[in-house]
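I opened my notebook to get to know a structure that was new to me. Here is what I looked up, entry by entry.

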Amino acid sequence: MAKAKKITYTLAALAVIAGIAASGRLWVVLDSARSNVADDNVQLADFHSNDDAAIKRGEYVMRLADCAACHNADFSGGYTIDTPFGALQTSNISPDRETGIGNMTERDFFNAVRQGRGEHGFLYPAMPYTAYTQMSDDDMHDLWAYFSAQKPVHNAIDENAGMNFPYNIRLAMAGWNLLFFDNSAFKQQTAQNDEWNRGKYIVDGPAHCSVCHTARNALGGEISSQYLQGGNLGSWYAPDITPNPHAGIGKWSDAQIADYLKTGSNGASVAAGPMAEAVEHSTQYFNDRDLHAIATYLRSLPASSTPQAAGFVMDKTRHDRAALRYEVDCSACHGLSGEGITGMVPAFAGNGAMQNDPTNMIHALLDGARAPHTADRPTSAGMPAFSWKLNDQEMADVLNYVRNSWGNQATEVKASQVADLRKATGAGAKLKVLVMK
Ligand code: HEC
Ligand code: HEC
Ligand code: HEC
């Protein structure tokens with residue numbers, strides 16, 4: 001589990017030293033006047049909210065924003081995020097005075113969460129302030145009340161000690177912010193109804209869906225023209241979630257989207273890897289109104305223009321061998337005709353995700369996968385690892401078979417892609433069978 005998340009946020013943490021130019025824009029980026037609505041006198045260690053309703057609402061905001069995923073359940077931090085520029089640790093954000101954020105005032109807290117300005121200077125964008133910047137003042141006040149009700153935990157963290165020079169210089173983030181940080185509050189769109197606006201607010205703000213689901217440029221900035229059209233997370237792929245009927249979720253009903261976020265599965269698809277974690281720690285706690293608001297918003301987006309893939313035809317011998325392999329090793333769970341087991345094992349037949357970037361499928365085959373445990377679906381099914389049983393070509397073949405059977409059409413999975421991921425995920429090689437003489 002730790003490994004998955006480490007890899008997931010690699011790209012979100014990309015940072016770059018950019019020349020500090022255009023001072024007008026820099027002024028906008030650095031302007032923290034929005035934090036003036038918060039109190040600047042009382043420090044967190046000295047404050048204990050007695051507004052139980054606010055604390056309760058703050059807990060819900062914490063779930064929407066999934067703070068615990070990175071800062072740990074007790075908020076003591078120390079979770080390592082690997083970036084191409086070194087290792088970054090998450091901060092201790094419990095109310096401890098010496099090692100946590102006990103010395104922060106509410107205004108400091110607003111500056112950290114919405115502006116990316118922490119106790120030691122600029123924060124790295126692995127902390128998703130680029131999305132949290134849209135969080136409303138009310139949600140932020142409630143979040144502050146919630147953190148005031150948490151126990152202080154003593155745990156000293158030196159966040160960027162593992163970052164390589166010169167990326168350990170926080171000032172570099174001023175340049176990154178200048179290029180990629182849009183320091184503006186969420187804007188209600190009056191042409192749309194409240195439900196739609198609520199959905200957009202959650203997706204773009206606290207739930208930071210686009211941090212994973214939008215592609216990034218070489219400097220780690222999200223490419224806005226490809227908003228929610230799929231993002232590469234290294235050894236995982238966060239698919240297109242626009243209404244594209246092939247590559248995206250255009251064939252899903254509102255109820256299927258809500259079900260997937262609530263339980264990690266919806267008859268068509270079962271969440272694995274980083275999405276299984278997001279479901280477990282965050283989206284399963286969303287109330288039905290918010291789940292439907294998200295569905296309404298996602299379904300209103302323009303569909304990406306990714307065309308249906310052309311498909312890949314294997315040569316006959318390899319096809320027949322792969323079909324046999326499927327029957328022996330896979331069909332017990334995924335079904336003789338790729339029908340899966342509703343709510344437990346994903347179907348391959350009629351599963352739009354089959355034409356996606358194959359990263360997640362290779363990952364599942366190499367390492368196995370576990371569907372999320374949620375309150376509504378407490379027993380989750382497991383996919384066994386096959387790294388010990390199948391070599392790179394055999395894996396590519398069986399995936400090419402399922403990706404091009406039962407009406408599916410998808411591009412070729414190459415043995416070299418399996419080899420790369422086998423290395424990146426540290427999955428072992430196929431076992432050598434010892435032949436007895
Ligand atoms: C995707 C991972 C991730 C999530 C989710 C996340 N954080 Fe962070 N956060 C980090 C990292 C990494 C740092 C350290 C960044 C640095 O030192 O530059 C950090 C730093 C902080 C700091 C600055 C602490 C200091 O001493 O300056 C605060 C405050 C904070 N986070 C609060 C939150 C809150 C509140 C939430 C939920 C609303 C949250 N974080 C969600 C990764 C995350
Ligand atoms: C930490 C990264 C991350 C975050 C944050 C995240 N996702 Fe995902 N998401 C993924 C990955 C990876 C997958 C692929 C999972 C799989 O194939 O089992 C995925 C899959 C999905 C799918 C299924 C798509 C399909 O075709 O099967 C939907 C829908 C989805 N996410 C919606 C969301 C929404 C809505 C949010 C915000 C509330 C969100 N995700 C936040 C990484 C993320
Ligand atoms: C014991 C039951 C079981 C067996 C045997 C099994 N699987 Fe799975 N498989 C699962 C489950 C359960 C999941 C969903 C796991 C998750 O999403 O966390 C899954 C997920 C997958 C996925 C990911 C699907 C997606 O939407 O991303 C692929 C690809 C896959 N299996 C292929 C195979 C192949 C190929 C074989 C045979 C070599 C196989 N499985 C054998 C249970 C099984």
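This is a predicted model: local features need pLDDT of at least 70, side-chain atom pairs count only at pLDDT 80 or more; totals for chains, interfaces and linings use all residues.

Residues are numbered from 1 along each chain as its sequence is written, and chains are lettered from A and ligands numbered from 1 in the order in which they are written.

I looked up the partner of S1 and found strand S2 (residues 86-89), which pairs with S1 in the antiparallel sense over four bridges. Two strands pair if DSSP finds at least two bridges between them. Ile81 has Leu88 as its bridge partner in S2. Two residues lie between the strands of this hairpin. My helices (H or I, at least four residues) and strands (E, at least two) are DSSP runs, numbered from the N terminus.

**Helix H7.** I checked the length of H7 (residues 137-148): at 1.5 Å a residue its twelve residues should span 16 Å, and its end C-alpha atoms are 17 Å apart, which agrees. The expected span is 1.5 Å times one less than the number of residues. Ten of the twelve residues of H7 are buried, so the helix is largely enclosed by the rest of the structure. Among them are Trp144, Tyr146 and Phe147. The buried residues of H7 pack against helix H3 (52-65) and helix H5 (106-115), with contact meaning C-beta atoms, placed from the backbone, within 7 Å.

**Ligand 1.** I found 27 residues around ligand 1, with Cys67, Cys70, Gly118, Met127 and Glu159 the closest. A residue counts as near if its C-beta atom, placed from the backbone, lies within 6 Å. Helix H4 (67-71) gives the most to this shell, with four residues.

**Ligand 2.** Here too I found 27 residues, and Ala207, Cys209, Cys212, Ala272 and Met275 come nearest. Helix H12 (273-281) is one of the elements that give two or more residues to the shell, and H12 gives the most, with four residues.

Technical notes
A residue is buried if 20 or more other C-beta atoms lie within 10 Å of its own, exposed if 12 or fewer, and partly exposed in between; C-beta atoms are placed from the backbone. Two residues are in contact if their C-beta atoms, placed from the backbone, lie within 7 Å.
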